[in-house]
Amino acid sequence: MKKLLILGAGTAGTMMANHMIKKLPREDWEITVVDQYKTHYYQPGFLFLPFDLYKTKDLKKKGEKFIPRGVNYILKKIKKIVADKNEVILEDETLSYDILIIATGTKTFPGETEGMDGKGWYKDIFDFYTYDGAKALRNKLRNWEGGKLVVHITEMPIKCPVAPLEFAFLADSFFKNKGMREKVEITYVTPLEGAFTKPKATETLDYLLEEKRIKQVVDFNIEKVDNENKKITCYSGREVEYDLLVTVPTNLGDEVIEHSGLGDDMNFVPTNKASLQSKDYENIFVIGDASNLPASKAGSVAHFEAEILEENILRYIDGKPLKEEFDGHANCFIETGNGKALLIDFNYTHEPVEGSFPFPGIGPLKLLKETRMNHMGKLAFRWIYWNMLIKGTHIPFVSAKMSEKGKNFDN
Ligand SMILES: Cc1cc2nc3c(=O)[nH]c(=O)nc-3n(C[C@H](O)[C@H](O)[C@H](O)COP(=O)(O)OP(=O)(O)OC[C@H]3O[C@@H](n4cnc5c(N)ncnc54)[C@H](O)[C@@H]3O)c2cc1C
């Protein structure tokens, strides 16, 4: 028997197990997926939990529910990948492989910034990128009486780069609905030059921040968090005071990538951006947030990558040249509060622009425009995630290759 080993059973690893079980003959191939935790979290829901918009039960399910029959599912911590020997070391056993898929994602490391996880951590400094952080922040916001709310990104890249903006927008409508918006000063602090990484979307998002009276502090490269005096300081000496700091700590690849000598300086695996093959080992492929691809780190991106990767693994097995076709396609809803959202659709070469989606001229979703229909789309994403996305089901009308139809590139 030949062995396909998948590391990580989050969004991307679960999807690949579902894709490959349908394609590889069971008499020839054994498929195994390894993860350290038995719970699968719907991470996009971590945005809604702090505002009491989702319940904890909406966000977590047993991972085994989504691993298809016929795939071995091992719940253990992965200690090391020994790529020269085609082996992976777990806590108490060693697995061998013919083909390896790395899907270990990225996670937050607050300890990378001086003072971030100091005595204010989960008292007046919170993250919402983890289940524990989002839940602790929900409890804090239920009784918070107002003051200076600072929404902050430590450094790029981060997964779902629009989530901190969405947090700021939802905070604006949350406090309005509670009748206490006047008691809260919201400041958005980013290491970027503007609200987002792409110029056209930044224009729209900057406008929305202004409209919602959210102050922006850009080019802020944080040096430390001062827990005593409740302020964050940047290397250039600028300071921003907070009563409540909601931060996205540094995102790095898992430690196993570093221990295995397979990562760059942020523990992301150097990967061919079109074929998803590792740059160093031809029988290793990388999907999702674990790679160093210049695409967004998002579940939607992993979904598009999975279609290409399925085919490339089959081609690799047959000794055929790999398809170099992943174009960096990302499709993300941006909640803007008050029951509305924007939608952005972009890839490596095209930045988000206005237009209609998925049907040119018809929509019903509007690109880079705030609409209620887009908000419905964002809410529907949770159902799509649990019932289609991680089960590897094709989502109609949305293909891995970004469509240029219906988009106003000339404006
Ligand atoms: C607040 C927030 C909002 C988001 N919103 C959106 C959105 O609206 N749309 C969207 O498309 N995406 C969104 N995302 C991003 C999306 O959740 C991620 O991009 C996606 O989950 C990446 O999938 P992945 O499989 O690469 O990583 P993950 O889903 O994080 O899975 C990695 C898995 O690997 C396992 N693992 C890692 N290291 C080890 C080890 N050493 N041993 C054993 N197991 C290990 C982990 O336990 C984990 O289960 C959001 C994320 C956050 C945090």
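**Strands.** I began with strand S1 (residues 2–7), which runs parallel to S2 and is joined to it by six bridges. Strands here are DSSP E runs of at least two residues and helices are H or I runs of at least four, numbered from the N terminus; two strands pair if DSSP finds at least two bridges between them. Lys2 has Trp29 of S2 opposite it.

I noted that this is a predicted model, in which local features need pLDDT of at least 70 and side-chain atom pairs count only at pLDDT 80 or more, while totals for chains, interfaces and linings use all residues. Residues are numbered from 1 along each chain as its sequence is written, and side-chain values use heavy atoms, with hydrogens and water left out.

I then followed S2 to strand S5 (residues 71–75), and found five bridges in the parallel sense. Ile31 has Val71 in S5 as its bridge partner.

Is S2 buried or exposed? Six of its seven residues (29–35) are buried, so the strand is largely enclosed by the rest of the structure. Buried means under 20% relative accessible area, exposed over 50%, and partly exposed in between (1.4 Å probe, protein chains only).

**Core.** I looked up the largest nonpolar core and found 98 residues, with Leu4, Met16, Phe128, Leu149, Phe175 and Leu205 touching the most other members. Such a core is a set of buried Ala, Val, Leu, Ile, Met, Phe, Trp, Tyr and Cys residues joined through side-chain atoms within 4.5 Å. Helix H3 (residues 163–177) gives the most to this core, nine residues. I also listed the contacts (heavy atoms within 4.5 Å) of Phe128: leaving out residues up to four places away in sequence, they include Phe46, Leu137, Phe167 and Val248.
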